[in-house]
Each structure stands twice: as C-alpha cells, then as structure tokens.
Amino acid sequence: VQLQAYGGGLVQAGGSLRLTCAASGSIFSIKRMGWYGQAPGKQRELVAVIDSGGRTNYANSVEGRFTISRDNAKNTVALQMNSLKPEDTAVYYCNALVQGSPFPRTYDYWGQGTPVTVSS
C-alpha cells in the first residue's frame with residue numbers, strides 16, 4: 001500500500017491550504033485515515049483523523065480551523081486548512097489503517113510527508 005500526499009506549500013498567516021492523500025495498492029478497506037504534523041524539533045502529533053463511518057477527531061489547536069474529509073470510493077483523504085497560523089508550520093504526514101484482505105488484520109501506513117510553512 002502506498003500513500004501519496006500533496007498540497008503543501010508556503011502561505012501567509014490567515015491563508016488556506018488543502019492537503020490531499022491518495023492510497024493505492026492492495027486495499028480491502030481503510031478503517032481510518034488521518035494527518036499528523038511534525039514541527040521542527042518536535043514529535044509527530046495527531047492533527048485530524050476520520051474513520052470509515054465519517055467520525056472525526058481533531059487536535060485542540062486546529063479545531064474549528066481545519067476540516068478533514070474522505071472519499072471511501074477513491075481511498076482519499078483531504079485536510080482543508082483555514083486561518084493558518086505560523087505555529088501550524090510542520091511537515092504533514094498522511095496515515096492510513098488498512099485491511100488488505102477479507103482477513104481481519106490491519107496495518108498502519110504512512111505517506112512521505114508534505115511540508116507546510118506559514119509565514120507571519
């Protein structure tokens with residue numbers, strides 16, 4: 001399974017970006033998809049996740065500014081990032097919990113990371 005993420009870049013504070021991640025490969029179902037951010041010198045942290053039923057969970061710092069969505073038919077997840085702040089600067093990694101066959105076992109996969117830089 002491969003995760004391809006894109007959409008990062010440089011934006012001024014208050015601006016918006018949209019990240020998209022597409023999963024491909026041997027996929028029976030994707031239980032959960034999400035985004036994690038790793039700021040310079042810090043650990044990777046949850047930004048937002050969404051399960052196959054559409055239930056979402058956000059980091060407190062992005063609640064109300066970011067929106068996660070997914071297309072189950074296309075195996076994609078998107079993160080709409082509005083009202084961006086300099087502290088949102090990080091490399092954003094796509095994550096997916098994938099069931100590769102009808103056998104009920106799941107595996108965790110990560111994308112390559114896409115950088116987001118928010119200037120003040």
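Tyr 36 comes out at 18% relative accessibility, so the residue counts as buried (under 20% relative accessible area; exposed is over 50%, partly exposed in between, with a 1.4 Å probe and protein chains only). This is a predicted model, where local features need pLDDT of at least 70, side-chain atom pairs count only at pLDDT 80 or more, and totals for chains, interfaces and linings use all residues. Residues are numbered from 1 along each chain as its sequence is written, and side-chain values use heavy atoms, with hydrogens and water left out.

Now for the rings. There is 1 aromatic pair in the structure. Tyr 36 and Trp 110 have ring centres 5.0 Å apart and planes at 70 degrees, so they sit edge-to-face (Phe, Tyr and Trp rings, the six-membered one for Trp, pair with centres within 6.5 Å; planes under 30 degrees apart are stacked, over 60 edge-to-face, the rest tilted). Tyr 36 belongs to strand 4 (residues 29–38) and Trp 110 to strand 10 (residues 106–110), so the pair ties together parts 74 residues apart in sequence. Strands here are DSSP runs of E, at least two residues, numbered from the N terminus. Trp 110, at 36% relative accessibility, counts as partly exposed.

| Charge | Ring | Distance to ring centre |
|---|---|---|
| Arg 44 | Tyr 93 | 3.6 Å |
| Arg 44 | Trp 110 | 4.7 Å |

To qualify, NZ of Lys or CZ of Arg must be within 6 Å of the ring centre and within 35 degrees of the ring normal.

Leaving out residues up to four places away in sequence, Tyr 36 touches several others, among them Arg 44, Tyr 93 and Trp 110 (contact means heavy atoms within 4.5 Å).

Conventions
Helix = DSSP H or I, 4+ residues; strand = E, 2+ residues; numbered from the N terminus.
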